[in-house]
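Here is a short briefing to read alongside the model. Take a look at the sequence and the fold, and then let's walk through the helix packing together.

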Amino acid sequence: EKRDKVMSNSLISRLWLMIAMLDLLVLYAITIRIKSLLGKVVICDRYLGDTFIDFSLNFPSSNFENMWLWRFLVAISPEPDVSFLFILPVEESMHRSKLKNEPFPDSKEALEQRLEAYAASKLFNGQNWSKIDGLDSIDSSANRIKDKVLSVLNHINAS
């Protein structure tokens, strides 16, 4: 509640968004590019689509997507070679948050909004996206990821 009250101040929420975007610029546009140029394989567990959904849900009246800093971030961030989206039902997500003692778990309503946003978003429908059922076994998910990554690497190496 305290966080919500502080973030309801448009000046504070705008400043927070700008700082978050600057942080992401350093990470995505500089760190990831340098590591990639050095031949490192970079794996991100979250990326621009997740950030877009987070900002949309947490700052619905901010119009962050019209901020020059957001447009700049999107324009200069590298495109992933392969991307995965794990789909997990809300109840299971809540259960897993409890198991790992999540310090700030999302409410059921927030998780429902997030799941709907992932399903409706065009950000996760490109050809380099693989959607994985979060209820599949670890081995099954790992094999799907491994197969997709090897396929992409083989394609890159053949180019």
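**Helix packing in a predicted model**

The face of α5 turned away from its buried side carries Lys98 and Leu99, which are exposed (over 50% relative accessible area, where buried means under 20% and partly exposed is in between, with a 1.4 Å probe and protein chains only). This is a predicted model, in which local features need pLDDT of at least 70 and side-chain atom pairs count only at pLDDT 80 or more, while totals for chains, interfaces and linings use all residues. Residues are numbered from 1 along each chain as its sequence is written, and side-chain values use heavy atoms, with hydrogens and water left out.

**The chain as a whole**

- Seven helices and two strands make up the secondary structure of the chain; helices (H or I, at least four residues) and strands (E, at least two) are DSSP runs, numbered from the N terminus.
- Starting at the N terminus, the order of elements is α-α-α-α-β-α-α-β-α.
- Along the principal axes, the C-alpha atoms fill a box of roughly 50 × 35 × 25 Å.
- Of the 159 residues in the chain, 27% are buried.
- Take the contacts (heavy atoms within 4.5 Å) between residues at least 6 apart in sequence: 68% of them join residues at least 24 apart.

- Val90, Ser93 and Ser97 are the buried residues to look for in α5 (residues 90-99).
- These residues lie on the same side of α5 because they cover an arc of only 60° around the axis, the arc being that of the directions from the helix axis to the C-beta atoms.
- An α-helix has 3.6 residues a turn, so residues three or four places apart point the same way.
- The cover over the buried residues of α5 includes α6.
- After α5 comes Asn101, with a positive phi near 50°.

**α5 against α6**

- The axes of α5 and α6 are 9 Å apart, and the helices pack at an angle of about 125°; axes are lines fitted to C-alpha atoms, for helices over the stretch in contact, and angles run from 0 to 180 degrees between N-to-C directions.
- The two helices are therefore oblique to each other, given that angles under 35 degrees count as roughly parallel, over 145 as roughly antiparallel, 65 to 115 as roughly perpendicular and the rest as oblique.
- Val90, Glu91, Ser93 and Met94 of α5 make this contact with Lys108, Leu111, Glu112 and Leu115 of α6.
- By class, the contact of α5 with α6 holds four nonpolar residues (Ala, Val, Leu, Ile, Met, Phe, Trp, Tyr, Cys and Pro), three charged (Asp, Glu, Lys and Arg) and one polar (the others, Gly among them).

**α3 and its two partners**

- Helix α3 (residues 48-58) and helix α6 (residues 108-120) have axes that come within 10 Å and cross at roughly 135°, so α3 is oblique to α6.
- In this pairing, Asp50, Ile53, Asp54 and Leu57 of α3 meet Gln113, Arg114, Ala117 and Tyr118 of α6.
- That contact of α3 with α6 has four nonpolar, one polar and three charged residues.
- With α4, the packing angle of α3 is about 160° and the axes are 11 Å apart, which means that α3 is roughly antiparallel to α4.
- Here Leu48, Thr51, Phe52 and Phe55 of α3 meet Trp70, Leu73 and Val74 of α4.
- The contact of α3 with α4 has six nonpolar residues, one polar and no charged.

**Asn63 in the loop**

- Asn63 sits in the loop between α3 and α4 (68-76), and Asn63 is partly exposed because its relative accessible area is 46%.
- From Asn63 to Asn101 the separation is 38 residues in sequence and 33 Å in space, C-alpha to C-alpha.
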